[in-house]
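Thanks for coming. Please look at the structure on the screen while I go through a few parts of it.

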Amino acid sequence: MSNAWRRVALGDLIGLTLSSVDKKSKTNEQPVQLCNYTDVYKNSFIHADMDFMEATATEREIAKCSLGSGDVVITKDSEKHDDIGVPALVREDIPNLVCGYHLAILRPSPSELDGAYLFYALSTDQAQQQFHSYANGVTRFGLRKADIGLVEIPLPPLDEQRAIARVLGALDDKIELNRRMSATLEAMARALFRSWFVDFAPVRAKAAGRPSGLPPALDALFPASFEASELGEIPSGWGVRSLDDIADFRNGLALQRYPPDGEESLPVIKIAEMRRGYTSKTASASASIDPRYIVEDGDVLFSWSGSLELVLWSHGRGALNQHLFKVTSAEFPKWFYLGWIREHLDDFRGIAAGKATTMGHIQRHHLTDAKATVPSPDVVAAGHEDLGPLVEEQVRHAVEARTLASQRDTLLPRLVSGELRVEDVE
């Protein structure tokens, strides 16, 4: 069935721009929003609510590098060979958005090629392998304009392209909705945690003779005064403990020492997996490792070396690699120690960034030095009624998004190749 679709080189289908905004420009500069390498590498879609970098550009640069709905942006150079050719689709018109360094703009010819279909076609393993084969370099890899033009994709009729993009896009829309819901739940949890346990808003209100705004039974659990502590004033009767005292930070294993030893194996969770989940490049390890180093959905993972990341894991069962902590507690609920790690995360990242001569990291004593205010058990229990469900719902939405992504990834190569037709899916 796929034989009916010819393969066509990108050079025959797109307008291609490799140059990007010159941040050194000094004349005729205008304020713009800059879509950069990280925006593309970490996001399949470019949308208006992203946190773009503020920059300036000349009129010529703006005319040449402006991005609009339907454009596809790819990473054209990187220190890592496998990071070349990562695509992202600009899903909506975003005012003053221009393309930044290390990226290429692929603008489809509208009479022949749908932008969303192009994005999905470039997301297939077949297209990615072509990008990687054309990338040249030693310490930094890059694609030339001519190389990008040589990459071939299947070209079904335009109405079929749009139908394929519609099916895959519907799944991505659901995934994006789940992502936004998870982000909203996380923001709600962080705001409530900070209000109660960092800013002490209910206690400050009561101490000032103002209503706390809480239901009477909950209001009664909070004190109406403060006392001195090593952190300064904290609510009366509350304590101060170290981060590694309220939770157990279990470092992962050197999993190259535990290769798969049978039919069953576990995917290895490294920093790359914390960012993007499992991929075709994810390594495997023995499924017979100590259960304490096995990660399940909903576990809190914290990378203490390299890029310091903190996640609620949602990509399925895996094995914990070294340089990552699996954080648990026999005494406190998940939302409590998760909230306190978040409060200290920027400080930890600053410590890691200050290690100029080695790979950035924190040490065990930094966990000891980081302090948390600890309320009474009654306040923790009351907090669990509100904060516990918010955290669990984050995980549920993320796991559902993973299931949808698996369905999309199964359909993607079959639809783009023509092996499966849209009418069969619908």
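Ala 272 sits in helix 10, which covers residues 271–276. Bear in mind that this is a predicted model. With a relative accessible area of 46%, Ala 272 is partly exposed, because the value falls between the 20% limit for buried and the 50% limit for exposed.

Strands of a sheet pair through backbone hydrogen bonds, either parallel or antiparallel. Here we have an open sheet of four strands in the order 19-18-23-20, and the pairing is mixed. Which strands form the edges? Strand 19 (284–286) and strand 20 (294–295) do, since each pairs on one side only. Strand 18, residues 265–269, pairs with strand 23, residues 318–320, in the parallel sense, over two bridges. If you want to find that pairing on the screen, look for Ile 269, which stands opposite Leu 320 in strand 23.

Now a pair of helices. Two packed helices are described by the angle between their axes and the distance between the axes. For helix 11 (residues 334–353) and helix 13 (residues 377–417), the axes come within 8 Å and cross at roughly 80 degrees. Helix 11 is therefore roughly perpendicular to helix 13, because that term covers angles of 65 to 115 degrees. On the side of helix 11, the contact is made by Lys 334, Trp 335 and Arg 342. Helix 13 contributes several residues, among them Val 380, His 384, Leu 387 and Glu 392. In this contact, four residues are nonpolar, four are polar and three are charged.

On to Asp 172, in helix 6, which runs over residues 158–197. Is Asp 172 buried or exposed? Its relative accessible area is 4%, so Asp 172 is buried. Leaving out residues up to four places away in sequence, Asp 172 touches Phe 45, Tyr 120 and Arg 408.

Last, two residues with a positive phi. Phe 200 is not a glycine, yet its phi is about 55 degrees. Phe 200 lies in the loop between helix 6 and helix 7 (201–207), and at 5% relative accessible area Phe 200 is buried. His 323, also a residue other than glycine, has a positive phi near 80 degrees. You will find His 323 in the loop between strand 23 and strand 24 (324–328). His 323 has a relative accessibility of 28%, so it counts as partly exposed.

Note on methods. Residues are numbered from 1 along each chain as its sequence is written. This is a predicted model: local features need pLDDT of at least 70, side-chain atom pairs count only at pLDDT 80 or more; totals for chains, interfaces and linings use all residues. Side-chain values use heavy atoms; hydrogens and water are left out. Buried means under 20% relative accessible area, exposed over 50%, partly exposed in between (1.4 Å probe, protein chains only). Two strands pair if DSSP finds at least two bridges between them. Axes are lines fitted to C-alpha atoms, for helices over the stretch in contact, and angles run from 0 to 180 degrees between N-to-C directions. Angles under 35 degrees count as roughly parallel, over 145 as roughly antiparallel, 65 to 115 as roughly perpendicular and the rest as oblique. Contact means heavy atoms within 4.5 Å. Ala, Val, Leu, Ile, Met, Phe, Trp, Tyr, Cys and Pro count as nonpolar, Asp, Glu, Lys and Arg as charged, and the others, Gly among them, as polar.
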